[in-house]
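Subject: Structure for your review, with notes

Dear colleague,

I am passing on the structure we spoke about, followed by notes on what was found in it. Please read the notes with the structure open beside them.

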Amino acid sequence: MSRPGPKIPPLSLTDRQRVVLEGWVRRRTTAQALAQRSRIVPECADGHSIMGVSHRLRVAPDTVRTWRRRFLANGLDGLCDEPRPGVPRKITDADVERVIVRTLEETPKNATHWSTRSMAAATGMSQSTVSRIWRAFALAPHRSQTFKLSTDPFFIDKVRDVVGLYLDPPEKALVLCVDEKSQIQVLDRSQPVLPMMPGVPERRSHDYIRAGTITLFAALEVATGKVIGSLHRRHRAVEFKKFLAKLDREVPAGLQVHLILDNYATHKTPESKKRLLAHPRFHLHFTPTSASWLNLVERWFAELTQKKPKRGVHRSVQALERDIRAWLADWNDQPRPFIWTKTADEILDEVAAYCHRTSDSGH
């Protein structure tokens with residue numbers, strides 16, 4: 001006969017302790033280790049054996065014994081990790097604060113921004129310590145971004161107008177996002193492009209020979225993603241009038257046409273206004289000043305740039321024009337609309353929050 005094992009002391013939970021443990025299990029931010037311990041203790045308190053709890057929770061029996069014993073000895077505090085052995089902390093909270101304040105409020109004498117080495121020299125800490133502090137507080141002095149807030153006095157009205165056309169277009173009408181991509185460079189590399197090979201990307205020379213420039217006028221149909229395009233050698237009001245005439249020919253006569261445009265001078269010349277007055281079915285909607293991100297055709301221009309001019313090699317203006325026309329025809333064979341999702345209120349709330357943060361940080 002086998003000898004009976006040592007008698008295990010009973011484990012009981014108060015109502016408050018059970019509520020706390022259940023909260024730790026449900027909370028999303030609780031560490032997985034603490035959540036597991038919070039499941040073990042109630043199982044033991046419900047009268048299950050160590051082996052039973054081990055099978056039910058799929059943990060080792062020794063793990064169940066350890067946290068059962070720790071809870072009996074120290075209660076809820078016993079489930080938390082004990083301080084680990086090692087060298088005591090040398091960097092104080094004041095040291096951390098000093099690094100953060102200098103990073104945010106000062107610049108070094110001989111540079112525009114701090115590096116880990118210059119900050120380490122200025123504070124007397126090691127470079128790795130400065131790096132850890134910056135990572136902990138998501139500080140990256142070596143990075144910068146550009147921005148520009150629109151100062152258009154009718155910014156709110158124009159945002160509501162344009163976004164309203166995207167989200168709720170009028171019936172028996174066509175909404176077209178119109179813009180020009182000017183100064184598209186016709187580039188030929190100074191040396192032949194080396195093709196991609198396993199482990200080696202495509203390589204091309206950094207310098208180039210420019211054969212000229214062209215301008216692409218484009219109108220993106222919001223509903224379908226189709227694009228009406230026109231290539232010109234120059235970028236003037238004359239070319240814009242020709243493009244408007246092309247739109248008038250290609251858009252069915254029974255439809256009203258709502259054009260979303262930016263504030264470029266070409267769109268507001270007397271000749272352009274006369275042309276539009278002679279065709280009352282055209283309605284103009286201007287984006288706010290310095291807010292070209294509101295025009296969906298800009299997204300299509302980015303797609304074109306990535307697929308053709310950016311990495312293309314063209315020895316003549318005619319070659320690039322042929323390439324762009326072929327790409328435009330392929331796009332219209334299988335057009336893909338760009339879906340606008342944010343409402344005007346969401347955009348305005350984000351702009352207001354950004355301005356609030358910027359003003360607070362300035363003070």
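At what angle do helix α11 and helix α12 pack, and how far apart are their axes? Bearing in mind that this is a predicted model, the computed angle between α11 (residues 297-307) and α12 (residues 317-333) is about 125 degrees, and their axes lie 11 Å apart. That angle makes α11 oblique to α12, and the crossing of these two helices is right-handed. On the α11 side the contact is formed by W300, E303, L304 and K307, which meet W327, L328 and W331 of α12; sorted by type, the residues of this contact comprise five nonpolar and two charged, with no polar ones.

The nonpolar cores come next. In the largest of them there are 35 residues, and those with the most contacts inside it are V159, Y166, C177, L216, L296 and W300. At least two residues of this core come from each of α8 (155-167), β1 (173-189), β2 (208-221), β3 (227-232), α11, α12 and α13 (344-362).

R275 is part of helix α10 (residues 270-277) and counts as partly exposed, because its relative accessibility is 22%. Apart from residues up to four places away in sequence, R275 touches L244, A245 and D248; although L244 is 31 residues from R275 along the chain, their C-alpha atoms are separated by 8.2 Å. D95, in helix α5 (residues 93-105), has a relative accessible area of 19% and is therefore buried, the cut-off being under 20%. With residues up to four places away again set aside, D95 touches K90 and M125.

A138 has a phi near 55 degrees, which is a positive value in a residue other than glycine; A138 sits in the loop between α7 (127-136) and α8 and counts as exposed, because its relative accessibility is 70%. S290 has a phi near 60 degrees, again a positive value in a residue other than glycine. S290 is located in the loop between β5 (282-286) and α11, and with a relative accessible area of 33% it is partly exposed.

Finally, A60 is found in the loop between α3 (50-57) and α4 (61-74), where its relative accessible area of 40% makes it partly exposed. The C-alpha atom of A60 is separated by 64 Å from that of D207, the two residues being 147 apart along the chain.

With best regards

Terms used. Residues are numbered from 1 along each chain as its sequence is written. This is a predicted model: local features need pLDDT of at least 70, side-chain atom pairs count only at pLDDT 80 or more; totals for chains, interfaces and linings use all residues. Side-chain values use heavy atoms; hydrogens and water are left out. Axes are lines fitted to C-alpha atoms, for helices over the stretch in contact, and angles run from 0 to 180 degrees between N-to-C directions. Helices (H or I, at least four residues) and strands (E, at least two) are DSSP runs, numbered from the N terminus. Angles under 35 degrees count as roughly parallel, over 145 as roughly antiparallel, 65 to 115 as roughly perpendicular and the rest as oblique. A crossing is left-handed if the near helix is turned anticlockwise from the far one by less than a right angle, and right-handed if clockwise. Contact means heavy atoms within 4.5 Å. Ala, Val, Leu, Ile, Met, Phe, Trp, Tyr, Cys and Pro count as nonpolar, Asp, Glu, Lys and Arg as charged, and the others, Gly among them, as polar. Buried means under 20% relative accessible area, exposed over 50%, partly exposed in between (1.4 Å probe, protein chains only). A nonpolar core is a set of buried Ala, Val, Leu, Ile, Met, Phe, Trp, Tyr and Cys residues joined through side-chain atoms within 4.5 Å.
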